[in-house]
Every structure is written in structure tokens, then in C-alpha cells.
Amino acid sequence: MRIIPFIVGICVASAASGADFDTHFSDSTLRLDYILGGDASGSHISLQKQSKSPCWAGRRHNMDKLPYTGNGQVTVVSKATGDTLYRNSYSTLYQEWLSTDEAKTTPRAMQHTVMVPLPKEPATICVSLLDNRHNTIAGMSHLYRPDDELVAIGNNSRTLPHKWLHKGGDSRQAIDVAILAEGYTPAEMDSFYVHAQTAVYEILSYEPFKTHADNFNFVAVASPSADSGVSVPRINDWKNTAFSSHFSTFYSDRYLTTGNVFAINDALAGIPFEHIIILANTPEYGGGGIYNSYTLTAARHPMFRPVVVHEFGHSFGGLADEYFYIGDVMEDSYPADVEPWEPNITTLKDFDSKWKHLLKDGTPVPTPATEAGKWGTGVYEGGGYSFKGVFRPADECRMRNNTYPTFCEACTAALNRLIDFYTKKEQP
Ligand SMILES: [Zn+2]
């Protein structure tokens, strides 16, 4: 993949400036809509629209720190001082597409939305995409000016009907998760609320979410669709739905996603949210979860309960898949000489930064799977779609197997650290 040079001089500002929320930001959100475009030979990012709306639901501390490296980052830098005021990371469906055969021949464009707190002062906003070696493959920056009359005011007067299914605390402190309806007609919304309640119940039944239930809010938003169900291209069944989601993403039958990121964020106007779960009204098996983007999962399949927790592990927790199958198309996701940023897999390039502190004395590295009963948390070969060279922390985990009832010890520890990052001022 060709690496496009990314001029970051104005964006990599001072080290931790301890940016104070109230000094630099209004209690409002700046929504940034981008178009990601390109192909396997190169990518670019274009600004599509800026809009602002009342209330900032995200964190008000650790402002200049990243939760994880992610597959892309946004950085808000003070124009006056060069201080880093806010950072966040994410992954995108576009980057997954870049590894497909189609990307070798056909340039495409996809939507990408980032929410940042509304700066009180002129600020440079930098967005980037990284490859699986953590190199920048695309980046751009643009100036936000508080007096820019073309920064639109979000249409919060058209807030969709919604219900709080779990309220752990005020949205300014708690982690706000919005659950959207996809493929539910207005007449089917009672069924959507039941499915949404099931998702909330299931997520909060898992540790560490159970212990941290007071740190989470879940709101279900009744986004209506004209048709019932979602599109299944394999059987030539296409529907008119709120977010135009469909199975067979990248020709993989059970991969259910949507590229309509702007419509998702439009549907959330007026609702405080940081993380998104979309429930698809279908009995087909499938789903997907993209870090700090969204979870999309089939709500009427018998495996709905474990799958929604697994996908939330991706979209909220930044956790990697711990499974690996023969002939997996994603086999080359993690180069052997680069430590992945995901907290629950390792290439042993920098294992000290992962779950080494959780190993019992004497645990062999790698740990033979036949000795999983003896050691518990270990370093088991196979994970992140690869049989070789990628290692996972446990033989079984919610991130590997739909029938296993818990997250492994390393996933649990990582989720705990992330919840603390979002909700506690003092980092352990
Ligand atoms: Zn795990």
C-alpha cells in the first residue's frame, strides 16, 4: 500500500497539556462529516459538513489522551497555542474494504462521522487513517472557527421518539450508549423496544459491565423504516430501511453492515450518545462491530444475546476477534513484526504492554492449548483470524466463541481500564 505523506506538524502539538474542558470547550458537540475515498494504492479524506448541537456527552477529562491507537484518530489543536485540546480514535468500514480484492481495481468513497466537543476558540482539526502497521495512510486538517456562519446548527427539533432503558447517571459523567432500530416499521416499535431491552440486559449481565452498570446509560431510539427486515443480497432481497444496511458486506454472507453513517448520526439528533448499537430486525445470522463507530447485529436470530455482547466488545471496547478459521479472508490483518493496538491479542512483539501481569508464575509463553486448564490466562497461539503468529489470552472468551459465557481475564481487565478512562478523572 502506498503511504501518502501526512503533514502533521500543526497537529502533533505539545505533549499532555492537561486541557481543561471548560476553558476550551462549550457544553456542545461539533459533528464533523467526512468522505473517505480511494483504493488500495492510496486514500484521501475530504470534509463534507460541519454542524453543532447542544450538549457534549463525552468525557471531560483525559482530553488530550487516546483510549487506544485505533485505525484512525482525530486531534483538536488550539490555533493560538498549538496545545492539543482533544483526541479520540476510531476504526472504519472503509479501512476493512481497503483489504478486499475490489479495492485493487475500483476506487470507492464512504462516509465517516466524528464528534468532538465544540471549541470556544479557533482550532485545527486533524483526522487520519492508519494501516495495520500503524502508519498514516491518509490525513487532512482543517480550521474550525467559532464565527464561521457555515457551521450548521443541527436539527435537534426533530428528535425521534426514544426511551431510557437503563440510566446509570447523568450523561455528562456516564457512558452514553444509543440503540437504534433498523428494519422496524412504525408498527413494529414495541418489538424493537423489547429487543433493545434484551441487549441492555445481556450486556449488563457480563463483567465488567455488571459491576459498572452505574457508569452506563442506554437509550433506545425508535428510528423507523419503510420496510420490515433488512436487505439480504444473497437471495436478491433488498429493502428500504432507515440505514440501508445489508448482509454480504465485501461478499461475506454473514457480515451485516451499513455505509450510511450520516443517516445514523442524523437519527441521533438531540440524543446524548457516545456509542451506537443498531438492532436489525432480521432472523438471519450476522453482525459487525467497528471500534468507536457502531455495532450492528441481527436481533431476531437465536444467537442475538451473545453476538450483541461480542460486537459491543469490538465497537465499545476496541477488542479484537480471538477466533481463527482455515481460509479466513482476514488472515493478513496483523503483521507478525508489529504489536497490534487491540488489548486482547499479541504478536509477542511487545507483550509487556499487554496482559503479561495477569500470568501466573511459570506460565510458558506461548502456552500450549492442552495446558489451558492448568494455567488459565496464558498466551495461546491463534487469534485475530490467524492460526500462526497471533496469540490470545485464553482458550475461550466471549471474543472467540458464542457459547462461552464470559470475557476472558485480559478482555475484562482492558474493558475495566477503558471504563475508568471514560469515567474517572484519575487514571490508575
Ligand atoms: Zn478475551
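Predicted model: local features only at pLDDT ≥ 70, side-chain atom pairs only at ≥ 80, totals over all residues.
Zinc first. Four residues coordinate the ion: Glu322 through OE, and Cys397, Cys408 and Cys411 through SG. The distances run from 2.0 to 2.3 Å. What is the arrangement of the four donor atoms around the zinc ion? It is tetrahedral, because the angles they subtend are 92 to 124°. For tetrahedral, all angles have to lie between 85 and 135 degrees.

Now look at the sequence side of that site. The donor spacing reads E-x74-C-x10-C-x2-C along the chain. Take glutamate 322 and cysteine 408 as a pair. They sit 86 residues apart and link distant parts of the chain. Glutamate 322 is in the loop between α6 (304-315) and α7 (372-375). Cysteine 408 is in the loop between β16 (386-392) and α8 (409-423). Both of these residues are buried.

Stay with cysteines for a moment. A disulfide is a covalent bond between the sulfur atoms of two cysteines. Cysteine 397, one of the zinc donors, has a relative accessible area of 0%, so it is buried. Cysteine 55 comes out at 22%, so it is partly exposed. The cut-off for buried is under 20%.

Next, helix α4, residues 189-203. The buried residues of α4 include Met189, Phe192, Tyr193, His195 and Glu202. What do the buried residues of α4 pack against? Four strands are on the list: β9 (162-167), β10 (175-182), β11 (216-221) and β12 (275-280). Helix α6 is there too.

On to charges. The whole structure holds 18 salt bridges. Aspartate 266 pairs with arginine 31, with the closest N and O atoms 2.8 Å apart. That pair links distant parts of the chain, 235 residues apart. Aspartate 266 belongs to helix α5 (residues 261-267), and arginine 31 to strand β1 (residues 25-39). Is arginine 31 buried or exposed? Buried, because its relative accessible area is 10%.

Second, arginine 172 and aspartate 170 meet at 3.9 Å, N to O. Arginine 172 is partly exposed at 33%. Aspartate 170 is partly exposed at 38%. This pair also belongs to a network: Asp27, Arg60, Asp170 and Arg172 are linked by salt bridges.

Third, lysine 239 and aspartate 237, again N to O, at 3.9 Å. Lysine 239 has 28% relative accessible area, so it is partly exposed. Aspartate 237 has 26%, and it too counts as partly exposed.

Last stop: threonine 367. It is found in the loop between α6 and α7. Glutamate 322 is in that loop as well. Threonine 367 has a relative accessible area of 3%, so it is buried. Which residues does threonine 367 contact, leaving aside its neighbours within four places in sequence? Trp375, Gly378, Val379 and Tyr380. One C-alpha separation to note: threonine 367 to aspartate 395 is 9.8 Å, and the two are 28 residues apart along the chain.

Notes
Residues numbered from 1 in each chain as written. Heavy atoms only, no water. Donors = N, O, S within 2.8 Å, 3.2 Å for Na, K, Ca; no water. Tetrahedral: all angles 85-135°; square planar, octahedral: opposite > 155°, others 65-115°. Helix = DSSP H or I, 4+ residues; strand = E, 2+ residues; numbered from the N terminus. Buried < 20%, exposed > 50% of the residue type's maximum accessible area, 1.4 Å probe, protein only. Contact = heavy atoms within 4.5 Å. Salt bridge = Lys/Arg side-chain N within 4 Å of Asp/Glu carboxyl O.
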